[in-house]
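Reader: I'd like to go through the aromatic contacts here. Can we start with rings and charges?

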Number of protein chains: 2
Amino acid sequence: MHYPNGRKNNHTYKTLSIANRAQGFSNRGMTLEEDINAANTYYRDMDKAVIHKKPTPIQVVNVHYPKRSAAVITEGYFKQPSTTDYNGIYRGRHIDFEAKETKNKTRFPLANIHEHQIRHMKSIAKQGAVCFLIIRFSAYEETYYMPAEVLFRYWDAQFNGGKKSIRYETIVKEGYLVPFHYQARVNYLAVIDKLYF
Amino acid sequence: MHYPNGRKNNHTYKTLSIANRAQGFSNRGMTLEEDINAANTYYRDMDKAVIHKKPTPIQVVNVHYPKRSAAVITEGYFKQPSTTDYNGIYRGRHIDFEAKETKNKTRFPLANIHEHQIRHMKSIAKQGAVCFLIIRFSAYEETYYMPAEVLFRYWDAQFNGGKKSIRYETIVKEGYLVPFHYQARVNYLAVIDKLYF
């Protein structure tokens with residue numbers, strides 16, 4: 001398994017996990033989205049990177065305009081996002097990623113990703129973006145950075161007799177464990193630093 | 001005035017305008033947003049760039065879940081966007097911009113831009129983004145590309161005794177006329193090509 005600073009997975013994870021608990025920094029109960037939002041806020045506050053979660057696309061059907069107060073949407077529907085959820089800029093590079101959490105202990109089902117998101121990721125990868133998938137195995141409290149090219153390989157394989165999911169061991173081996181950071185709780189820029197700079 | 005291919009403004013504009021009308025390509029009646037969306041779709045279809053409009057942020061307060069049909073948002077409110085409306089990637093560069101249309105014939109009022117958008121633009125410019133403002137003077141059917149640094153100068157000046165708006169002549173002089181293109185109706189990548197590549 002690849003770990004940005006060369007340490008072994010199990011060791012690192014246990015160390016972090018014990019440290020977190022000892023200091024009361026446990027991630028338990030925080031969703032992956034909350035952790036990434038916290039990381040992004042920290043990155044922005046530190047002038048390190050500017051990365052935002054895109055708003056959920058909503059189709060607004062009816063709006064009511066009461067006198068002397070804000071417009072109220074009275075009928076709207078959630079739309080399927082046509083891109084990934086997060087993008088922005090870090091050290092001049094365009095950053096673009098999707099984040100998924102699974103309770104599955106043995107594999108990451110590819111059905112978690114939509115085909116149009118893969119299409120989007122392939123397009124931006126071609127333009128030179130730093131593109132990846134963040135996968136959290138909540139059962140292990142482990143979060144992995146998977147480069148888009150690895151994802152594409154497994155995604156495409158499923159249509160050629162391959163599996164509809166990626167095994168946990170494969171993700172450990174081909175992905176990068178995202179280190180925990182007190183403020184940037186899912187410190188994915190540390191992985192990008194190792195891979196790109 | 002700066003025009004990417006070195007031609008003079010009036011001449012260029014008249015040429016385009018006459019050509020457009022003659023060929024029935026007039027932009028009349030299309031909003032700036034529609035034109036930019038058309039350009040972005042064209043750029044994506046041609047594999048030229050991947051640039052999207054971000055969804056409007058909406059605060060969802062109440063959702064109704066009817067049996068056997070999609071969730072309906074029954075109470076929601078429009079939120080102030082904390083970033084610019086458009087971003088993406090072109091030839092490896094992070095692209096980020098805001099677009100504004102004005103009916104004003106003599107000046108662009110700075111009140112069209114929010115302070116948090118300027119803050120966002122300053123942060124991403126520091127990270128190395130290609131950052132700009134697209135301004136359309138609908139009375140003249142003219143659309144300008146204004147580099148973020150020019151915008152920052154006038155924005156900051158208003159708090160030091162400067163004007164609360166930018167004169168049309170200044171935009172013509174310090175901005176770049178965005179050429180019309182049959183499919184990419186606001187062909188702003190042509191300006192970026194001249195400025196960055």
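Reader: Which charged end sits over the ring of Phe152(B)?
Author: That of Lys122(B), 5.6 Å from the ring centre. Bear in mind that this is a predicted model.

Reader: And in chain A, what lies over the face of Phe152(A)?
Author: Lys122(A), at 5.7 Å from the centre of the ring.

Reader: On to ring pairs. How many aromatic pairs are there over all chains?
Author: A search of the whole structure gives 28. One of them is Phe132(A) with Tyr188(A), a tilted pair with 5.9 Å between centres and 45° between planes.

Reader: Where do Phe132(A) and Tyr188(A) lie?
Author: Phe132(A) is in strand E7 of chain A, residues 130–137, and Tyr188(A) is in helix H6, residues 188–196. The pair therefore ties together parts 56 residues apart in sequence.

Reader: Phe132(A) and Tyr188(A): buried or exposed?
Author: Both are buried.

Reader: Now chain B. Why is the pair Tyr145(B) and Tyr176(B) edge-to-face?
Author: Because the planes of the two rings are at 80°, with the centres 6.2 Å apart; over 60 degrees counts as edge-to-face.

Reader: Which strands does that pair link?
Author: Tyr145(B) is in strand E8 (residues 142–147) and Tyr176(B) in strand E10 (residues 176–177), both of chain B. They are 31 residues apart, and the pair links distant parts of the chain. Tyr145(B) and Tyr176(B) are both buried.

Reader: Back to chain A. Which residues form one aromatic cluster with Phe132(A)?
Author: Tyr42(A), Tyr43(A), Tyr86(A), Phe97(A), Tyr145(A), Tyr176(A) and Tyr188(A).

Key
Residues are numbered from 1 along each chain as its sequence is written. Chains are lettered from A and ligands numbered from 1 in the order in which they are written. This is a predicted model: local features need pLDDT of at least 70, side-chain atom pairs count only at pLDDT 80 or more; totals for chains, interfaces and linings use all residues. Side-chain values use heavy atoms; hydrogens and water are left out. Rings of Phe, Tyr and Trp (its six-membered ring) pair if their centres lie within 6.5 Å; planes under 30 degrees apart count as stacked, over 60 as edge-to-face and the rest as tilted. Helices (H or I, at least four residues) and strands (E, at least two) are DSSP runs, numbered from the N terminus. Buried means under 20% relative accessible area, exposed over 50%, partly exposed in between (1.4 Å probe, protein chains only). A charge sits over a ring if NZ of Lys or CZ of Arg is within 6 Å of the ring centre and within 35 degrees of the ring normal.
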